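This report describes a structural model through its ionic pairs, the contact between its chains, and a selection of individual residues. The sequence and the structure are shown first.

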Protein chains: 2
Amino acid sequence: MNANRIFNFNPGPAALPISVLQEIQESFLNLGGSGMSILEISHRSKEFEEILNDAIIRTKRLLQLDDNFQVLFIQGGASLQFLMVPLNFLSEGKSADYVNTGTWSTKAIKEAQILGKTIHVVASSEDQNFSYIPKNIRFHEDAVYVHITSNNTIKGTQWARFPDTGSVPIVADMSSDIMSRRLEVEKFGLIYAGAQKNIGPAGVCMVIVREDMLDLVPPTIPTMLSYQTYASKNSLFNTPPCLAVYTVQLVLKWLEETIGGLEKMETLNHKKATTLYDFIDSSDFYQGTAEPQSRSLMNVTFRLPNEELEKQFVQAALEQGLGGLKGHRSVGGCRASIYNATSLQAVESLVDFMKAFEKQNG
Amino acid sequence: MNANRIFNFNPGPAALPISVLQEIQESFLNLGGSGMSILEISHRSKEFEEILNDAIIRTKRLLQLDDNFQVLFIQGGASLQFLMVPLNFLSEGKSADYVNTGTWSTKAIKEAQILGKTIHVVASSEDQNFSYIPKNIRFHEDAVYVHITSNNTIKGTQWARFPDTGSVPIVADMSSDIMSRRLEVEKFGLIYAGAQKNIGPAGVCMVIVREDMLDLVPPTIPTMLSYQTYASKNSLFNTPPCLAVYTVQLVLKWLEETIGGLEKMETLNHKKATTLYDFIDSSDFYQGTAEPQSRSLMNVTFRLPNEELEKQFVQAALEQGLGGLKGHRSVGGCRASIYNATSLQAVESLVDFMKAFEKQNG
């Protein structure tokens, strides 16, 4: 840990690998001998083209995507994808299935409805405050896609295995767990992920789309809302957020070259989450809020005996250099977000702090 | 000029003040004692709230906006605004006037048409390859707005004075000249500007909207495409592009504290443009392409006697540390973009180089 840096458990924007930040910092006035900052180079320059294409190649290699998939970079975050997905894929007479597992799924459902599209909410865990992932869901065979949120940052739940949707492709919001584990890519028609949790900073959304899904896109929708625009122009129809794409490239490089790929990342993430959950389960002072089988490996949500103690906990942790532990303002409590760039050492430090805090206040 | 930095005449993303880049670089691992990078802090943190609000206050002060105006930050660039403007303001039965002064106006017109909105192209300079700004235009009194592109980066033209539209508010794409000169703000209903030319990096668009225009926004459009969403949440409905907003804040601070405000910026920009145009006019080797009365103070477009010489010119300039002088791929020729952050010294160096090149090749 560098002097003055904290262990960052923010839910997003979140911790980034220190080596990535250092590389951006070092090249900030002069990127690769161009004599310009990454903020100043042309998005049509050789320098940026290399960055963009390297980010795409690394994404394909890490997720083992074949040539049936395209990797796009779009602004507007996952929130814009909530409307782009139904706008692009649900023309007149078509419908999609949605599974509601929390705040973000609910928003995705809402945007499809605003557009007047036909969708079916085929399962929901709202009956138990979204503390679990629904099972044994019956999907419509004629659905164009099944929409799920793979990890729920606010409620701390995650699909451990993706549902069997038969021949219907899954469209998944993976904002908070993309690149945290291996994927069975053949199940997916489209994956989208705001970068600011596992793969980069705020300001860019990675979209992975299967070629045949692009055939569904109507020719008459606004240019900036059509996946065809990004697919046909390699995400360079208009000026992309260059620094954000550059950061994603460096994070993926770190993931491949420093961590050693997705399998190793998955093992490490499992170890981090287990370290934290095992301690929580061993304590009567801390209570996990998600159903054990549905627990997220990315966002560990827990409560203390009362809100006053939770407030003290968050504050005392920050004073010890452990930041971002407050739960989402909509649910309260505490949350440790332990995305890819959060080290095992950070998690162990947190557990040590939790033990000490319990001793003092338990 | 710092060692290894070039004079950057890129059309966008473009040069930024070196002091701004240095401040970002210095704080890149630890923003304001937070122990986190600007890429890692929460968008709901005290630190980011201060950055965002300071950017808004400086915008209002620089442009002398009263409380009837709101300043928003939206992703997707000007290209997304092309569709947001008609989607938000043209409900059933309403129409708008558009003036076509080049590539970007043409795109704005196209997006309104894709949405099926009623618009009138009341003037165009397409008849002379967009080399001038139309005059004596008759606008429709019942138009909801008049859309113009205040500066045309590709053709090198600019509205020296904004048209008299009576009581109809102007909606202006000011991506390439925002903050380059003072404004008569009372003429405008909405101003939008992709940041990557005069006020920051790619990845954020500044939108200045007059309160009464917000009353036109229908309640049933997608959340991320509604100005109401950004206005009611101070641009924090979803995660904003934090680094881009931070850079805008620092550029505006530089504009106020180092340059001394918009009047001084305007004077300096005038001097830079005059220096370059006066030299071009004195030469038979270089030919300006825009009509003198319509010339842009931001993008100086010119031709050399033939394309082979233009190619040599761009290459030789780069070898002398003068970058980004190639004209837009759609029109060819040469172009020097001399936005706010491009110094008079850079322009004088360019003129010196142009003289020497003419001597060798003229």
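## Salt bridges within the chains

Arg182(B) forms a salt bridge with Glu263(B), their closest N and O atoms lying 3.8 Å apart; a salt bridge here is a side-chain nitrogen of Lys or Arg within 4 Å of a carboxyl oxygen of Asp or Glu. This pair links distant parts of the chain, 81 residues apart: Arg182(B) is in the loop between S8 and S9 of chain B, and Glu263(B) is in helix H8 (residues 262–282) of chain B. Helices (H or I, at least four residues) and strands (E, at least two) are DSSP runs, numbered from the N terminus. Arg182(B) is partly exposed, with a relative accessible area of 45%, and Glu263(B) is likewise partly exposed at 49%. Buried means under 20% relative accessible area, exposed over 50%, and partly exposed in between (1.4 Å probe, protein chains only).

Salt bridges that share partners join Asp54(A), Arg58(A), Arg61(A), Glu256(A) and Glu257(A) into one network. Within it, Glu256(A) forms a salt bridge with Arg61(A), with 2.8 Å between the closest N and O atoms. Glu256(A) belongs to helix H7 (residues 242–259) of chain A and Arg61(A) to helix H2 (residues 46–63) of chain A, so the pair ties together parts that are 195 residues apart in sequence. Glu256(A) counts as buried at 18% relative accessibility, whereas Arg61(A) counts as partly exposed at 46%. In another salt bridge, Arg181(A) pairs with Asp177(A), the closest N and O atoms being 3.1 Å apart, and both residues are buried. Over all chains, the structure holds 24 salt bridges.

## Basis of the model

The model is predicted: local features need pLDDT of at least 70, side-chain atom pairs count only at pLDDT 80 or more, and totals for chains, interfaces and linings use all residues. Residues are numbered from 1 along each chain as its sequence is written, chains are lettered from A and ligands numbered from 1 in the order in which they are written, and side-chain values use heavy atoms, with hydrogens and water left out.

## Relation and contact of the two chains

Chain B can be laid on chain A with an RMSD of 0.0 Å by a turn of 180 degrees and a shift of 0.0 Å along the axis. That is the relation of a two-fold axis. The same surface serves both copies, as 100% of the contact residues of chain B recur in chain A. The superposition is by least squares on the C-alpha atoms of residues with pLDDT of at least 70 in both copies.

In the interface, 61 residues of chain B are in contact with 61 residues of chain A, contact meaning heavy atoms within 4.5 Å. The two chains bury about 4,600 Å² between them, 59% of it on carbon and sulfur atoms. Leu29(B), Leu39(B) and Glu40(B) supply 15% of the area that chain B buries against chain A, more than any other three residues. Buried area is the accessible area (1.4 Å probe) that two parts lose on being put together, summed over both.

Two salt bridges are counted between chain B and chain A. Arg5(B) and Glu40(A) meet through their side chains in a salt bridge (2.7 Å, N to O). Helix H1 (18–26), helix H3 (77–89), helix H4 (103–114) and helix H7 (242–259) of chain B each supply at least two residues of the side of chain B that touches chain A. H1(B) gives the most to that side, with six residues.

## Strands and buried residues

Five of the six residues of strand S2 (residues 69–74) of chain B are buried, so this strand is largely enclosed by the rest of the structure. Six bridges join S2(B) to strand S10 (residues 205–210) of chain B, and the two run antiparallel; strands pair if DSSP finds at least two bridges between them. Val71(B) has Ile208(B) as its bridge partner in S10(B).

Ile170(B) lies in strand S8 (residues 170–173) of chain B and is buried, with a relative accessible area of 0%. The C-alpha atoms of Ile170(B) and Tyr145(B), 25 residues apart along the chain, are separated by 5.6 Å. Ser176(B), in the loop between S8 and strand S9 (188–194) of chain B, is buried at a relative accessible area of 3%.
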